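Have the viewer open and follow along.

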Amino acid sequence: MKPARIVSLIVIVLSAALIVWSLSGRMFAPRSFNFTIEGPAHENGATVWLYVSDEVLDSCVVTDSHFSFSGRLKSPCTASIETDESVICSQFFIERGTVRIDTAGRASGTAGNDARRRFIAAEDSLSHLYAADIELAASMIDSLTNAHIALNRDNMCGVWLFARTAGRMDIGSRRTTLNLISKPLRNNPLLADIRNSIERFDAVQPGRKSIPVTLPDTDGRMISIDSLLAEGRYVLLDFWATWDGRRDRDQMLETITAPYGEEQLTVCRISIDNSRSRWRSAVEESPAQWIQLNAVDTATFRAAAAEAYAIDSLPMSYLISPDGHISLRTNDIGALKTELERLFGEKN
C-alpha cells in the first residue's frame with residue numbers, strides 16, 4: 001500500500017474516532033473545578049453545614065476555631081454556611097479557588113466574591129447618599145448594577161446581579177444581558193428562569209402556533225381556547241387585571257372590536273387577578289359577548305397561562321388566526337385596530 005494512502009486511512013480513522021468521542025459528550029463535558037472554603041468559628045466540635053440551593057452539600061466539624069471545606073463542582077453557584085445555632089455566612093459564591101469567610105460573615109478571595117463586596121459597599125453608599133430621593137437612588141443603583149454586570153460578566157457576581165434584576169427588565173434587555181454574560185456562565189442554574197422566559201417569549205411570536213390553554217369562566221366552566229377557533233374566525237386573547245388601569249382601554253377595545261361579528265372575531269379576556277370576587281365585579285361592566293376567563297390557580301396563585309404566553313406587562317393582546325397561529329402580539333391598542341382593519345376592512 002502506498003504511503004499516501006496509509007496516511008489518508010489514518011486521518012479517516014482518527015477523524016471518525018474524534019467524532020465518536022465528541023458525540024459521547026466527553027469532549028465538551030462541563031469543566032469542573034476545585035474549591036476550598038475556610039473561615040473562623042467559635043465553638044470547637046460544632047458541626048458546620050454547607051448549603052447549596054437549600055440542600056446540604058457537605059459538613060465539617062470546627063477544629064482550632066476554624067472550619068474548612070474542599071471539593072469539586074461542575075458549575076459555580078451561590079451557597080451559605082450555617083451551624084445548628086447560627087448562620088456563619090448567608091450568601092457567597094463557590095468558585096474556582098479559595099473562598100475566605102471573615103468574622104462578619106463576608107466572603108472574599110475569588111473574583112465573584114470580591115466583586116460582590118465592592119458592589120454592596122457602593123450600593124450602600126448610594127442608598128445613604130440619596131436617602132432623601134428614593135427614585136434617584138433607585139436609578140443610580142440600576143446604573144451601578146448594569147456597570148457591575150458588564151465588569152463581572154465572567155464571574156458569579158455578574159450572574160447574581162443579572163438574576164437579581166432581570167424581573168425589572170423587558171425581554172429585549174434580558175436577551176442582551178444574557179448574551180453579555182460569558183458563554184460558560186450562561187447556562188448557570190441561577191439564570192434558568194431568565195433563559196426560560198426568553199424561550200417562552202420566542203415561542204409566542206407572530207407566525208408561531210398558539211399555546212393550548214383551558215381556563216374557567218365566571219361560572220366555573222372550563223373553556224379551551226382551541227374550541228373558540230373556527231373557519232374564518234379569529235380569536236383575540238386579551239390579558240388584563242383589575243389593577244392595570246383598564247377602564248379607558250376597555251372602552252377603546254369595545255369600539256375597535258364592535259364592527260366585527262362573532263363569525264369573524266371572538267374576544268376572549270384572560271384575567272390574572274388573584275381575587276375572583278374583584279374579577280367578577282369588573283366583568284359585569286364589560287360587554288356581555290366577551291368571553292371572560294381567569295388564569296390564576298386558586299391553589300398555587302400561579303398564572304400558568306400568562307407564563308406560557310410570556311406576559312411581562314399588562315395589558316397584552318394576542319390575535320389568533322383561524323388555523324391556530326399567532327397573527328399579532330401587542331400592547332398597543334392602535335396596532336390592534338390597524339391589524340383588524342387590515343384583516344376585515346374590505347368585508348366591513
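Start at Ser53, which sits in the loop between strand E2 (47-52) and strand E3 (55-61). Keep in mind that this is a predicted model.

- Is Asp54 buried or exposed? With 76% relative accessibility, Asp54 counts as exposed.

**A cis peptide bond**
- Going from Leu314 to Pro315, you'll find a cis peptide bond, with omega near -10 degrees.

**Thr110, a buried loop residue**
- Thr110 is in the loop between strand E8 (107-108) and helix H2 (111-129).
- Thr110 counts as buried because its relative accessibility is 4%, and buried means under 20%.
- What does Thr110 touch, leaving out residues up to four places away in sequence? The answer is Glu95, Arg96, Gly97, Thr98 and Val99.
- Take Thr98 from that list: 12 residues separate it from Thr110 along the chain, yet their C-alpha atoms are 6.7 Å apart.
- The side chain of Thr110 also makes a polar contact of 2.8 Å with the side chain of Asn113.

**Nonpolar cores**
- The largest nonpolar core has 29 residues, and those with the most contacts inside it are Ile225, Leu237, Phe239, Cys268, Ile270, Tyr309 and Tyr318.
- At least two residues of this core come from each of strand E11 (234-240), strand E12 (265-271), helix H10 (304-308) and strand E14 (316-320).
- Zoom in on Tyr318 and, setting aside residues up to four places away in sequence, you'll see it touch Val204, Val235, Leu236, Leu237, Phe239, Tyr309, Ile311, Ile326, Leu328 and Arg329.
- There's a second, separate core of 23 residues, with Ile37, Val62, Cys89 and Ile94 among them.

**Helix pair H2 and H4**
- The axes of H2 and helix H4 (residues 156-165) come within 7 Å and cross at roughly 50 degrees.
- That angle makes H2 oblique to H4.
- On the H2 side, the residues that meet H4 are Gly112, Ala115, Arg116, Phe119, Ile120 and Glu123. Their partners in H4 are Met156, Cys157, Trp160, Leu161 and Arg164.

**Helix pair H5 and H7**
- Helix H5 (residues 171-180) and helix H7 (residues 192-203) have axes that come within 10 Å and cross at roughly 125 degrees.
- H5 and H7 are therefore oblique to each other, and H5 passes H7 in a left-handed crossing.
- Which residues in H5 meet H7? Ile171, Arg174, Arg175 and Leu178 do, and they meet Ile194, Arg195, Ser197, Ile198, Phe201 and Asp202 in H7.

Notes. Residues are numbered from 1 along each chain as its sequence is written. This is a predicted model: local features need pLDDT of at least 70, side-chain atom pairs count only at pLDDT 80 or more; totals for chains, interfaces and linings use all residues. Side-chain values use heavy atoms; hydrogens and water are left out. Helices (H or I, at least four residues) and strands (E, at least two) are DSSP runs, numbered from the N terminus. Buried means under 20% relative accessible area, exposed over 50%, partly exposed in between (1.4 Å probe, protein chains only). Contact means heavy atoms within 4.5 Å. A polar contact is a pair of N or O atoms within 3.5 Å; within protein, one must be able to donate a hydrogen and the other to accept it, and residues adjacent in sequence count only if both atoms are side-chain atoms. A nonpolar core is a set of buried Ala, Val, Leu, Ile, Met, Phe, Trp, Tyr and Cys residues joined through side-chain atoms within 4.5 Å. Axes are lines fitted to C-alpha atoms, for helices over the stretch in contact, and angles run from 0 to 180 degrees between N-to-C directions. Angles under 35 degrees count as roughly parallel, over 145 as roughly antiparallel, 65 to 115 as roughly perpendicular and the rest as oblique. A crossing is left-handed if the near helix is turned anticlockwise from the far one by less than a right angle, and right-handed if clockwise.
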